[in-house]
There are 2 protein chains.
Amino acid sequence: MTGKLLDITKSIPTPFLLVEEQIIKRNINRIYNYARQHGFALRPHIKTHKSLYLARLQIDSGAVGIAVAKVGEAEKMAELGGLDITIAYPAIGNERALRLAGLSCKHKIRVAVDSEYGINELANAAARHKTVIGINIIFDAGLHRCGFSDPNQIIRLAQHVEKQAGLRYDGIQMYLGHLYGDAARDPQSFKQINQLWEPVYKALCQAGLCPQTISSGSTPSLEKTHLIRHVNEITVGTAFLNDYFVVKFGHCDLENCAARVVTTVISDVTPGQVIIDAGSKGLSAKQLLRRENLEMGYIPDYPEARIFRLHEEHGWLDISHCKNPPRIGQRLSIIPVNISLCFNLYDHFYLLTSDDTLQKERIQARGSYV
Amino acid sequence: MTGKLLDITKSIPTPFLLVEEQIIKRNINRIYNYARQHGFALRPHIKTHKSLYLARLQIDSGAVGIAVAKVGEAEKMAELGGLDITIAYPAIGNERALRLAGLSCKHKIRVAVDSEYGINELANAAARHKTVIGINIIFDAGLHRCGFSDPNQIIRLAQHVEKQAGLRYDGIQMYLGHLYGDAARDPQSFKQINQLWEPVYKALCQAGLCPQTISSGSTPSLEKTHLIRHVNEITVGTAFLNDYFVVKFGHCDLENCAARVVTTVISDVTPGQVIIDAGSKGLSAKQLLRRENLEMGYIPDYPEARIFRLHEEHGWLDISHCKNPPRIGQRLSIIPVNISLCFNLYDHFYLLTSDDTLQKERIQARGSYV
């Protein structure tokens, strides 16, 4: 963290989440330029930041709408007004379906499903609210988390959607979460996806179910989306903020990381080690393997330091390789392993705006798990 | 989860945190009986649940006061009134020290320190608020996280405290976080602690600094506290609720786990696998190794199922060994790996009270990291 940033935030007690708007805007520019260049609609996934302020920034830059994972997130984001919201998640559960149907009375709502069970629940909820809910069928592009890759199964689901009065078949959604690092740079990976996807697309069109929206997502694969045929929308979240996972696997540089957790060294008793005031409650328990060493975040000002253990309130730093190791009372800023998990831990973040003022922002949809 | 519990909670959308008061009361009884039997004062550490309701339950059962990790937690808990609060954590940072001093104008406040730096900050803050703050010196019993084990260093700090007008030297605090599993059952482990601790205790008394409070803590070592000489107080948090880590290392049984995360199966496309609606945002990213398999929670109703991966909003279950595997739409209740991290993710929990009613309770100190 530059001296300027340390200075401007010195009266804020640690740990806290610090976000640089200028870096987000640079990321927005890069992502939107790529999307425009290839004719993709852009749908930012707000699960990463859960903030109305940042969602507004993304929308005003030209997004077609937003994506959320959970109904609670959609309800909070709906405060922005006039939104097109995709719930990119199988919204199973009667309560959830009813809340979605309620939302769809006032907003354009689309939900991802991969089961007749889910379709039936949403159809019933839509009927009760006398509304129409859009449906994306989930295509499994290789992650094997949700969705089918078999054309017949996908046609079966799309046809089942078509039969429901309160549902509107919109298209297909895929998530390339299995591709990161070299696999996300290898054209062969996308060839394999096309080998699965092309027969599905053709079969759908032959059955009169040509998808209107075909949305693909994941930060590592973002700028390779044009390698997947027929895709016309990108759904992405982390890429706007980035984190140490993204850096580690070569998908961005440190200067593209827009958010840090600022902490203080609270103990320096053991030689070669200091303890900071952010542990697994302030950074999340997410771990990453680097050079066969576990690490739980990266400290740009101390590249030789390693966060090697997290207790709930204590972060353990190996500083034995630092020439000028940090000392007790000193502030450090950390790029977390997973920025989405980190935002979900805090009620607020501090935004260094483009005109260099500091602004305290609520994370309105934090804790929306339903 | 018994059919009764599933029935009484069926209208609550998942995922949510469910706590059984009867189990907490059983845990309270066992812990307090042990403490009474050995003449220990009991100080529940509220970092585990961060709830005023549960803190009140612990206090009314005969606690001497409470422990917290962070100043924000102390501020929230102070709403209970008339509390004796130990901040069992090196409260480094000027803002933090000033807020502590502010609190100590109305409440009995004691802070753990392991540095002259920290003592000086607290002394300055106490002077500014014209108050007196109690101090516990941290003794390192073998974890090597915070605190010294060298008698001279501890005497140096205690003497430095004695020199400050606004500080009151109260005693010693130790945390046995290095002992779990067999190590926490082996009398040899406690012999080693005594070999470190006895010289410190004697040196302090010879220097006229005999500690009034000697507090030890950690769930796995809880019922072995009597093996450590001169200890007169127990500080413990997790043992009141327990979690899968505690079960796994043999320190409690499943029926002593008072809290579960209730989830729904949202996808069952891949054979031998289902996806649930709690991932690393609903269960925390904490992992545990069992029989060389990573696992992220335990499902008592499906002991053959294994939670083997967590994405942010998706939990991955291997159900290939289940005779009657769970199906889409079905609810499952999970004992999380770390219950303290889990409470810190939710704004509320649902309490099944002793008289079988369901009560929604806020987690008031959630997100208090300062």
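I superposed chain A on chain B: a rotation of 180° with 0.0 Å of shift along its axis does it, at an RMSD of 0.0 Å. That is the relation of a two-fold axis. I noted that this is a predicted model.

Next I looked for the C-alpha of chain A nearest the axis. It belongs to A:Ala285, 2.5 Å from the axis.

**The A–B interface**

I looked up the contacts between the chains. On chain A, 47 residues are in contact with 47 residues of chain B. I then asked which elements of chain A give two or more residues to this side. They are helix H5 (94-104), strand S10 (259-267) and helix H11 (339-343). S10(A) gives the largest share, 3 residues.

I sorted this side of chain A by class. I found 19 nonpolar, 17 polar and 11 charged residues.

Do the copies meet through the same surface or through different ones? I found that 100% of the interface residues of chain A are also interface residues in chain B, so the copies meet through the same surface.

**Inside chain A**

I turned to the domain assignment of chain A. Domain 1 takes 3-18 + 246-362, and domain 2 takes 22-238. Over C-alpha atoms, 32 Å separate the centres of the two domains.

I checked where these domains touch. Domain 1 of chain A brings 12 residues to the contact, and domain 2 of chain A brings 18. On the domain 1 side, H11(A) gives the largest share, 3 residues. By class, that side divides into 5 nonpolar, 6 polar and 1 charged.

I came back to H11 of chain A.

Technical notes
Residues are numbered from 1 along each chain as its sequence is written. Chains are lettered from A and ligands numbered from 1 in the order in which they are written. This is a predicted model: local features need pLDDT of at least 70, side-chain atom pairs count only at pLDDT 80 or more; totals for chains, interfaces and linings use all residues. Two residues are in contact if their C-beta atoms, placed from the backbone, lie within 7 Å. Helices (H or I, at least four residues) and strands (E, at least two) are DSSP runs, numbered from the N terminus. Ala, Val, Leu, Ile, Met, Phe, Trp, Tyr, Cys and Pro count as nonpolar, Asp, Glu, Lys and Arg as charged, and the others, Gly among them, as polar. Copies are superposed by least squares on the C-alpha atoms of residues with pLDDT of at least 70 in both. Domain bounds come from an automatic or database domain assignment.
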